[in-house]
Each structure stands twice: as C-alpha cells, then as structure tokens.
Amino acid sequence: MRVTDTADAVVVGGGTVGGWCAYFLRRSGLNRVVLVEKRTLGQGASSRAAGIVRTQGGTPWAVRLGEWSRRFYLSQRDEIGIDSGFTPQGYVLPCFTAAEVAAAHERMAMQTGLGLPVRWLEPGQLDALNPTLAPGLTRGGTYSADDGYLHPPRNVLAYAVALATAGVQVRERVACVGLLTRGDAVTGVRTSAGDIGAPLVVLTGGPELADVGGLAGIRVPSGGVRHQVAVTEPHPSLAAERVPMVFDLAAGLYWRPEEGGLLFGMSNPDEPPGEATSVDEPYLARMRRRLAELVPVTAGLGLRRTWAATIDYTPDHLPIIGPAITDAGVLGGVVIASAGGAGMMWGPGVARAAADVALGGTSAVVDVADLGLDRFDAAGTSRLRTDPIALPFPGTITQL
Ligand SMILES: Cc1cc2nc3c(=O)[nH]c(=O)nc-3n(C[C@H](O)[C@H](O)[C@H](O)COP(=O)(O)OP(=O)(O)OC[C@H]3O[C@@H](n4cnc5c(N)ncnc54)[C@H](O)[C@@H]3O)c2cc1C
C-alpha cells in the first residue's frame with residue numbers, strides 16, 4: 001500500500017534508540033509521530049543484546065547517559081505500566097595489573113564526582129563479594145551496586161507497549177529509502193510505502209546507521225561487527241545472589257547471572273568489521289577457557305544457548321547525537337542518533353537526548369555539544385578521546 005501523508009516527526013528504525021525516541025517525541029507534545037521500521041520492532045541489535053546496564057562509564061558522557069537510562073528503567077512501571085526487566089545486580093570491574101588499578105582510581109574519582117555510588121574493593125573484599133571468582137587473582141576493582149541488567153526482548157516489548165499507548169504510529173516492514181529536502185532543510189521521508197512529509201526526522205539504524213545516513217548523503221562513521229553471547233547450563237553455585245556482574249575489560253569478556261547459569265558475552269579485538277552470520281567457535285572456546293580460569297565452576301558446564309549478532313560501534317566508542325551533515329553543510333530538521341554499541345546501558349538516554357535536540361537543539365540529559373558528526377574528520381577519525389571502558393571494537397570504519 002502506498003501512502004502519502006504528513007507527520008510532526010518521523011523516526012527511522014525501531015530498535016531501542018528509535019523506539020524510545022519516538023515515544024519521547026510524542027510525550028513531549030508532538031501530535032503525529034511516525035516510526036518506520038524496515039523489519040519488525042527490535043529485529044536489529046536490540047533484541048539480541050546481553051542486557052548489561054553499566055553506569056560505571058569511562059567518560060562523563062557515558063556516566064550521565066548510563067545514569068539517566070538506569071533511572072528511566074526504574075521509573076518505567078509507574079510511567080508506562082510495563083518495564084524492561086531491569087535488575088540491580090551490582091557490577092565489578094576487576095583489575096589485574098598496577099596500571100589498571102591506577103586507571104580505575106582515576107576513573108572512580110570522575111564517577112563519584114558525578115554522584116555515582118562507585119567504591120573500591122580491595123582484593124579480599126572483591127573475593128568475598130564474589131564467591132564464584134577464583135580467589136587471589138585480582139588486585140581489587142571498582143564496584144557499583146546500582147549497575148545491573150535488563151532483558152532485551154522485554155525492553156522491546158516495553159517500548160512497543162509505550163509506543164502503542166502513547167499513540168505513535170508504528171509502520172513495520174516499511175523502509176526509509178531517502179529524505180525529501182528543500183534547500184538546506186528536510187521536508188519529509190521517502191519510504192518503501194510512499195512519502196511522509198515532516199519537518200523533523202531522527203535517523204537511527206544501529207549497525208546499519210551508516211547505510212541509513214548514506215540514503216541521504218550523510219556520512220555517519222559507525223559500523224557493525226560480530227559480538228557473541230553464550231549461556232551456561234544452571235549450577236547451584238551460580239545462584240543469582242552469589243554472582244555480581246563482572247567485566248574483564250582487557251579480555252573483552254563480561255558475565256551476569258541468567259536462569260541459574262551464567263550469560264557471558266565477548267568481542268574479539270581482531271574481528272574485522274562486517275555483519276555477523278555465525279558463531280566463531282574457536283574464539284568462543286578461548287573465552288570459555290578464560291571464564292573457567294576466573295570462575296572455575298563454569299569449567300565443563302554445558303551451554304544452553306549461544307548466538308552471534310552484529311553490534312553497532314563508533315570509532316571512539318562514544319554515542320552520536322547531533323544534526324545531520326551533508327557535503328553541503330547541516331541539513332536542518334534531521335538528527336542522527338547512535339548508542340555506539342551501548343544501547344542497553346545508554347539507549348533511553350541517547351533517545352531522550354536525540355528527541356531534545358530535534359525539538360530544541362540541546363538536552364538536559366547530557367551535553368551534546370561534542371557528540372555530533374562534526375567531531376569526525378573525512379576518514380571517520382574522532383577528535384575525542386576514546387571511551388576507555390568499552391568492548392574491544394574495531395578502531396576504524398570500513399563503510400566510509
Ligand atoms: C550480541 C549483542 C550483545 C549486546 N549486549 C549489550 C549489552 O549488554 N549492553 C549494551 O548496552 N548494549 C549491548 N549491545 C548493543 C545494543 O544492543 C545496541 O547498541 C542497541 O541495540 C542499538 O540500538 P539501535 O536502536 O540503535 O539499533 P537496532 O536495534 O539495530 O535498531 C535499528 C533498526 O533500524 C532498522 N533499519 C535499518 N535500516 C532501516 C531503513 N532503511 N528503514 C527503516 N528501518 C531501518 C533495523 O531493521 C533495526 O530494527 C549488544 C549488541 C549485540 C549484537
């Protein structure tokens with residue numbers, strides 16, 4: 001069916017960033033908000049994530065987006081009547097070298113300065129807090145009891161309900177195929193089901209965001225790369241109350257409790273960018289060995305589930321929130337939004353900030369002045385320091 005209609009705002013992409021953004025735009029008072037999703041809601045990265053929500057960010061932007069999103073998850077039931085399943089499990093970032101200890105203390109000073117309840121655990125305290133960890137391995141670590149995890153499919157359900165009850169028009173299986181422009185401003189979105197006139201457009205797309213931008217001549221330095229997750233079979237020692245979440249930063253390996261076992265996720269630093277189509281079994285086996293060193297009870301446990309999916313990333317591991325830029329300059333009315341591979345921990349914050357920027361240019365969630373596309377040069381290199389607390393994503397983008 002071809003439609004020609006109008007909206008106050010169109011959001012492209014029905015992942016967690018686009019979904020919550022469309023909801024926030026509607027809640028901000030726009031009457032007619034349309035979301036176009038080329039597949040179905042959540043069928044990108046958002047339903048396949050591990051669900052880790054970490055406020056212990058490596059930059060003030062990360063801390064603010066994480067904290068805003070965590071508070072939003074806690075408020076959802078009152079606001080919407082459903083939630084994303086957020087569980088405040090507590091998160092440890094252990095250190096294994098003197099350099100990591102120094103960096104952790106520096107980071108913790110920044111985080112506590114922003115009000116996060118992060119504290120330092122001496123090695124013995126860390127071992128006592130996490131009885132599943134092989135004792136004596138760490139030099140201590142940082143801990144926040146506020147950090148936790150959500151259930152990604154339930155988060156998709158939550159924003160689907162929010163969109164429906166708020167009256168956002170969701171058009172699934174409708175692809176954005178370009179933008180309509182007049183002069184240096186957007187006038188609408190061209191879709192596979194006809195044109196939608198609109199003065200405001202938010203472009204999301206997760207791992208496919210560079211392609212979405214490319215439809216309108218906007219170069220977005222973001223990419224996609226394989227990320228793997230596995231869930232062990234249950235074991236009595238892995239009861240949830242015995243397992244704070246852990247991020248072994250140097251190994252790019254993290255875990256949390258899941259159904260009586262452990263869910264662990266991993267990124268291979270040598271993985272080339274591109275779409276994930278299968279599990280890398282040798283790498284999974286390597287990370288299982290690392291996990292068994294750290295959590296001996298997992299050695300020999302069967303795996304209940306494994307999956308690989310394409311995760312979004314940006315070259316500096318920071319989000320993108322800002323106006324669209326083409327070779328002709330800023331394209332008025334269009335905002336680009338990417339959570340840079342941290343859409344569970346930052347997604348609602350990025351979505352709220354993108355909605356704010358679309359409506360008024362700034363946001364109280366986070367200072368977006370440096371987070372726009374203008375921080376990248378033509379090769380996609382950022383002038384910002386890379387967020388040090390991130391998965392080992394590729395440092396470059398191949399799509400540009
Ligand atoms: C295996 C895995 C584990 C992860 N674990 C975590 C975690 O523990 N914590 C965390 O914070 N993050 C995690 N992430 C990252 C997180 O899932 C993403 O950052 C987040 O889902 C991105 O949300 P998004 O809305 O930007 O993108 P997506 O969820 O990918 O949504 C983008 C949508 O845009 C649609 N689209 C694309 N092109 C078009 C078009 N032309 N027209 C219309 N629609 C279009 C797609 O179909 C898709 O549905 C993980 C990711 C993966 C893959």
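Student: Which helices and strands each supply at least two residues of the shell around the ligand?
Tutor: Those elements are α1 (16-27), β3 (33-37), β14 (223-232), β18 (303-313) and α8 (343-360), where helices (H or I, at least four residues) and strands (E, at least two) are DSSP runs numbered from the N terminus. Bear in mind that this is a predicted model, in which local features need pLDDT of at least 70 and side-chain atom pairs count only at pLDDT 80 or more, while totals for chains, interfaces and linings use all residues. Residues are numbered from 1 along each chain as its sequence is written.

Student: How many residues surround the ligand, and which are the closest?
Tutor: The ligand is surrounded by 43 residues, and the closest are Gly13, Gly15, Gly44, Gly206 and Gly343; a residue counts as near when its C-beta atom, placed from the backbone, lies within 6 Å of the molecule.

Student: What is the make-up of that shell by class?
Tutor: The shell has 18 nonpolar, 19 polar and six charged residues, with Ala, Val, Leu, Ile, Met, Phe, Trp, Tyr, Cys and Pro counted as nonpolar, Asp, Glu, Lys and Arg as charged, and the others, Gly among them, as polar.

Student: Which domains does the shell draw at least three residues from?
Tutor: At least three come from each of domain 1 (1-87 + 147-221 + 316-400) and domain 2 (88-146 + 224-313), the bounds being taken from an automatic or database domain assignment.

Student: Staying with the domains, what distance separates their centres, and how many residues are in contact?
Tutor: The centres of domain 1 and domain 2, taken over C-alpha atoms, are 27 Å apart. Across the boundary, 34 residues of domain 1 are in contact with 34 residues of domain 2, contact meaning that the C-beta atoms, placed from the backbone, lie within 7 Å. On the side of domain 1 that touches domain 2, α2 (60-80) and β8 (148-149) each supply at least two residues, and the largest share, five residues, comes from α2. By class, that side of domain 1 has 16 nonpolar, eleven polar and seven charged residues.

Student: Back to α1, at what angle does it pack with α8?
Tutor: The angle between α1 and α8 is about 40°, with their axes 8 Å apart; axes are lines fitted to C-alpha atoms, for helices over the stretch in contact, and angles run from 0 to 180 degrees between N-to-C directions. The two helices are therefore oblique to each other, given that angles under 35 degrees count as roughly parallel, over 145 as roughly antiparallel, 65 to 115 as roughly perpendicular and the rest as oblique. Residues making the contact include Trp20 and Phe24 of α1 and Gly343 and Ala351 of α8, and by class this contact has eleven nonpolar, three polar and one charged residues.

Student: And how is α1 placed against α5, parallel or perpendicular?
Tutor: Helix α5 (residues 152-166) packs with α1 at about 25°, with the axes 9 Å apart, and the pair is therefore roughly parallel. Among the residues in that contact are Tyr23 and Arg26 of α1 and Tyr159 and Leu163 of α5, and the class count is seven nonpolar, three polar and two charged.

Student: Then what about α2 and α8, where do their axes come?
Tutor: The axes of α2 and α8 come within 7 Å and cross at roughly 95°, which makes α2 roughly perpendicular to α8. The contact includes Trp68 and Phe72 of α2 together with Met345 and Trp346 of α8, and by class it has seven nonpolar, four polar and one charged residues.

Conventions: Contact = placed C-beta atoms within 7 Å.
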